[in-house]
Amino acid sequence: VGGGGSGGSGGVDVGAREEDRYVIKGGLAVPYYICGLQPIPVTDVNKVFNLLAITQANRSIAETRLNRNSSRAHTLYRLHLTRTEEGKTVTSQIILADLAGSENIKHSNATGVTATEAISINKSLTVLAHCLSMRASNSRLTPPYNTCTLTKLLRETLEGNARTHMVVMVAPNNANSAATQAALRFAKICKQVKTRPRCNLQSEIPYADQIQHTIDGLRTQLSAEEGHNEQLRERLAELEEYMEEERRREQWRTELA
């Protein structure tokens, strides 16, 4: 995730590139999600580590004056977990986010594509810091998660129903003191964000059936208003797209089983 991507509600992503392959959807009636990603079932920890290794090998890196192996994008790993406790199904997910560091282009001497990537990374980190600042201050306004891909995909970890931990990397030498101070100020803001995780018990009614029930209700309501409610139309379109994506994912799961 380089701060790019397109789609979703609320305008264009900061740093979005036209050639980005995957589109971000959701944000109104369902959490943000990436279209076209294929779920890979895993049953043991070794397969998880193998997949992480493959992803690590595919990361985008480049050499700059400051770093021989500089990350040119953020990397997100998402692991969905399901377990049964006393006859009840509990669902959760683990998100590992390896954020690329902010970069001073004058110091890194980045040019061309590398410079464009640095600008995109810096913009997405700025948006993330702004969203966290609003959460830390308990602002009544909704943080602008929809401004960039990074904050769209991290929204669930920042909104409250999560246990979120952040590790901030700093450099020990005096030459990087300004960057270190900025990183520590960012960490201080993160520590002020409060989350309230709760147990996610799976309903006896399948989630897809719940979504379909909501879709039917929105269609009825929209028909009563003769289709003039733009907000309802947007929510309905989003849910219909989500259901289509879920059907594709279920087909992939069946083929991989």
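## Overall make-up

Seven helices and six strands make up the secondary structure of this protein. The model is a predicted one. Read from the N terminus, the elements follow the order β-β-α-β-β-β-β-α-α-α-α-α-α.

The protein has 257 residues, and 30% of them are buried. Among contacts between residues at least 6 apart, 52% join residues at least 24 apart.

## Confidence

The mean pLDDT of the protein is 82. A value of 70 or more is reached by 90% of the residues.

Residues 1-12 need care. Their pLDDT stays under 50. The model still gives this stretch 52 contacts beyond four places in sequence. Where pLDDT is low, the predicted coordinates should not be read in detail.

## The aromatic pair

How many aromatic pairs does a search of the whole structure find? The search finds one. The partners are Y33 and Y242, in an edge-to-face arrangement.

## Helix 7

Helix 7 has 27 residues. From first C-alpha to last, helix 7 reaches 39 Å. The expected span at 1.5 Å a residue is 39 Å, and the model comes close to that.

Which residues of helix 7 are buried? They are L232, L236, E238, L239, Y242, M243, E245 and R249.

## Helix 5

Helix 5 covers residues 177-191, 15 residues in total. At 1.5 Å a residue, helix 5 should span 21 Å.

The buried residues of helix 5 are T180, A183, F186, A187 and C190. They lie on the same side of helix 5, because they cover an arc of only 120° around the axis. An α-helix has 3.6 residues a turn, so residues three or four places apart point the same way. On the other side of helix 5, A178, R185 and K188 are exposed. The cover over the buried residues of helix 5 includes helix 3 (112-136).

## A183, within helix 5

A183 lies in helix 5. With 16% relative accessibility, A183 counts as buried, because the cut-off is under 20%. Beyond residues up to four places away in sequence, A183 touches V168, M169 and V170.

A183 and S102 are 81 residues apart along the chain. Their C-alpha atoms are separated by 9.3 Å.

## T151, in helix 4

Is T151 buried or exposed? T151 is buried, with a relative accessible area of 0%. T151 is found in helix 4 (residues 149-159).

Which residues does T151 touch, not counting residues up to four places away in sequence? The contacts are V127, L128, C131, P144 and Y145.

## R198, in a loop

R198 has its place in the loop between helix 5 and helix 6. R198 counts as exposed, at 59% relative accessibility.

In sequence, R198 and R163 are 35 residues apart. In space, they are 9.6 Å apart, C-alpha to C-alpha.

## Cysteines

How many disulfides does the count come to? The count is zero. A disulfide is a covalent bond between the sulfur atoms of two cysteines. The cut-off used here is a pair of cysteine sulfur atoms within 2.5 Å.

C35 counts as buried at 16% relative accessibility. C190 counts as buried at 17%, and C190 is one of the buried residues of helix 5.

Definitions and conventions: Residues are numbered from 1 along each chain as its sequence is written. This is a predicted model: local features need pLDDT of at least 70, side-chain atom pairs count only at pLDDT 80 or more; totals for chains, interfaces and linings use all residues. Side-chain values use heavy atoms; hydrogens and water are left out. Rings of Phe, Tyr and Trp (its six-membered ring) pair if their centres lie within 6.5 Å; planes under 30 degrees apart count as stacked, over 60 as edge-to-face and the rest as tilted. Buried means under 20% relative accessible area, exposed over 50%, partly exposed in between (1.4 Å probe, protein chains only). pLDDT is the predictor's confidence in each residue, from 0 to 100. Contact means heavy atoms within 4.5 Å. Helices (H or I, at least four residues) and strands (E, at least two) are DSSP runs, numbered from the N terminus. The expected span of a helix is 1.5 Å times one less than its number of residues. The arc is that of the directions from the helix axis to the C-beta atoms.
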